[in-house]
Amino acid sequence: MKAVIAIAHNTFRESIRDRLLYAILFFGLLLMLATIILGSISLEQDVKVIKDLGLAGIFIINFLIILSVGTNLVSKEIDRKSIYTVLTKPIERSTFIIGKFFGLAATLFVTTAIMSTVFVAVLLVKHAGLSPLIFASLVFTYIELLFLVAIALMFSSFTAPVASALYTLAFFLIGHSMTSLTRFGEQAGPFVRGTITAGTHLLPNLEKFNIKNQVVYEVALSGPQVLWTVVYAATYITVLIIIATNILKRQEF
Amino acid sequence: MVRRATVWFVALVIFAASVVAQVNINNLNTARAVKRTAGINTYNEPFVLPEKVLANGVVGFRNLTADYYWLSLIQYFGAGDPFGEYRQLPHLLNAITALDPKFAYPYTFGLLILPDQGFVDEAIALGEKGLVEVPHSWEIPYYLGYVQYRYKKDLVKAGEAFERSAQSPEAPAAAKILAGINFARAGQRETAIAIWKVAAESSENEYTRERAKEYLEHYAIIDFYEEQARAYKTRYGRFPNTLEELKTGGLIRDFPPDPVNIELKIDPKTGSVSEVLD
């Protein structure tokens with residue numbers, strides 16, 4: 001456990017020293033403030049525009065951080081050969097992967113918290129009202145980001161950063177296309193329909209975390225919806241970490 | 001030292017050339033703008049992806065894309081179309097409501113602006129989609145009723161739409177008056193005025209209220225012309241053949257600006273003024 005915390009702490013320190021992170025975060029904060037301007041030219045639809053743009057902005061900025069920082073979490077250590085100094089110590093490879101995961105998760109928690117604070121402040125300034133759904137959406141966004149960290153980490157354990165970023169992006173696009181895929185499947189023959197149905201159950205379904213529409217139109221979340229979404233994320237992330245660990249175990253250093 | 005100065009000199013010459021090129025491009029565009037319509041220089045017609053592409057291609061950010069199209073639509077309609085066609089308006093509204101079907105105001109907005117741009121059927125289709133997607137809204141059936149009444153002259157469908165609007169729990173008390181009107185017997189202008197009075201007093205949106213006030217002003221101008229036509233008859237023994245005769249006959253100095261810009265005509269037999277689209 002101590003080793004996990006040490007690796008996580010180190011990963012967190014390393015990522016917050018990255019200048020790119022500050023550049024991305026700066027643009028994120030600008031985006032939050034820009035919601036006020038865009039909202040003001042929306043014919044009184046400002047609250048909707050601010051909520052849509054704010055929630056999407058928090059996700060996009062953090063996703064960019066994952067693509068720039070998360071996708072080279074392991075490969076950078078391999079390239080710089082710093083992984084040797086870690087793995088020569090009595091540290092399991094699973095500990096290394098879990099530590100990396102929690103390190104980036106902590107970084108994303110900080111960036112999400114900073115941007116969410118500005119977002120909430122903008123909503124308060126605009127007298128938009130703060131429903132619990134907004135906070136629920138922020139939590140769901142963070143869970144989706146953890147999901148993507150696990151995907152990025154898995155790819156980072158065996159591919160170069162650019163390829164890893166592209167694969168993570170592809171999984172993001174697939175993960176949000178499940179409704180369309182299901183619709184295609186309904187129009188296809190039994191074999192294709194079966195394949196697509198299996199695919200939609202096996203591939204990560206990121207639409208489960210997208211409750212932005214419910215936030216904007218104040219549609220309450222049900223208890224089972226929250227519970228099953230959290231269970232889904234926790235189990236899938238665990239599987240991705242196990243896969244990443246096994247890939248790393250097969251590698252010779 | 002000399003070499004460095006030469007590099008700087010060459011860089012300066014190239015920069016000056018780029019400035020000259022840019023000025024020439026600007027002049028070309030200005031000349032073109034004079035030949036055609038003012039504003040063409042800065043005009044960008046919004047590009048709207050087909051609905052099928054939007055339905056399947058926009059992953060994860062459907063609301064955000066709908067907002068982007070909504071802001072584009074406001075810029076497009078607000079800045080003016082130098083060709084006067086606004087041909088992308090129905091596509092933009094369809095895209096917005098396809099991406100975010102619960103976004104209520106685009107339905108109302110479309111019902112308010114599309115008919116005057118010649119898109120009556122598109123406005124009705126949009127309104128009917130709104131009835132399904134935002135069933136609690138009182139404004140969507142209300143303006144759908146107006147479009148049916150005013151542009152389609154379908155009194156039955158207009159009555160049904162106003163009835164539906166009045167039944168909405170969110171409808172203001174004034175909206176219920178419309179549900180009780182016998183459209184077949186009521187005067188067309190009086191009915192239109194009643195419709196816009198409710199909108200001006202009860203709409204939740206400032207743009208809609210302003211639009212309603214503009215229509216009320218438009219009908220006040222028609223009343224003014226009819227009053228002047230009667231004065232014309234007293235003076236010349238007949239009603240004027242055209243509205244222009246009110247000016248040449250010395251009854252009015254200038255035509256009051258019509259905020260909704262609908263062409264008017266006068267009936268030389270009765271002196272009544274009506275809209276050309278009637």
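In which helix of chain A is A:Ser137 found? A:Ser137 is found in helix α7 of chain A, residues 132–156.

This is a predicted model, in which local features need pLDDT of at least 70, side-chain atom pairs count only at pLDDT 80 or more, and totals for chains, interfaces and linings use all residues. Residues are numbered from 1 along each chain as its sequence is written, chains are lettered from A and ligands numbered from 1 in the order in which they are written, and side-chain values use heavy atoms, with hydrogens and water left out.

Figure 1. Helices are DSSP runs of H or I with at least four residues, strands are runs of E with at least two, and both are numbered from the N terminus. A:Ser137 has 1% relative accessibility and therefore counts as buried. Buried means under 20% relative accessible area, exposed means over 50%, and partly exposed lies in between (1.4 Å probe, protein chains only). Apart from neighbours within four places in sequence, A:Ser137 is in contact with A:Leu55, A:Ile211, A:Lys212 and A:Val215. Contact means heavy atoms within 4.5 Å.

**Figure 2. Chain A as a whole.** Chain A has twelve helices and zero strands. Its radius of gyration is 20 Å, close to the 18 Å that the globule rule gives for 253 residues, so chain A is as compact as a globular protein of that length. The radius is taken over C-alpha atoms, and the rule is 2.2 Å times the number of residues to the power 0.38. Along the principal axes, the C-alpha atoms of chain A fill a box of roughly 60 × 50 × 30 Å. Buried residues make up 47% of the 253 residues in chain A. Of the contacts in chain A between residues at least 6 apart in sequence, 81% join residues at least 24 apart.

**Figure 3. Helix α4 of chain B, residues 89–99.** Eight of the eleven residues of this helix are buried, so α4(B) is largely enclosed by the rest of the structure. The buried residues include B:Leu89, B:Pro90, B:Leu92 and B:Leu93. Further along, B:Ala95, B:Ile96, B:Thr97 and B:Leu99 are also buried. The cover over the buried residues includes α2 (51–57), α3 (62–79), α5 (105–113) and α6 (120–133) of chain B.

**Figure 4. The interface between chain B and chain A.** Here 22 residues of chain B are in contact with 26 residues of chain A. The area buried between the two chains is about 1900 Å², and carbon and sulfur atoms give 61% of this area. Buried area is the accessible area (1.4 Å probe) that two parts lose on being put together, summed over both. Two salt bridges are counted between chain B and chain A. A salt bridge is a side-chain nitrogen of Lys or Arg within 4 Å of a carboxyl oxygen of Asp or Glu. A:Lys48 forms a salt bridge with B:Asp100, with the closest N and O atoms 2.6 Å apart. On the side of chain B that touches chain A, the elements giving two or more residues are α2, α3, α5 and α11 (206–236) of chain B. The largest share, seven residues, comes from α3(B).

**Figure 5. B:Asn241 in the loop between α11 and α12 (244–248) of chain B.** B:Asn241 is partly exposed, with a relative accessible area of 42%. Leaving aside neighbours within four places in sequence, B:Asn241 is in contact with B:Ile266 and B:Pro268. The C-alpha atoms of B:Asn241 and B:Arg3 are separated by 83 Å, and the two residues are 238 residues apart along the chain.
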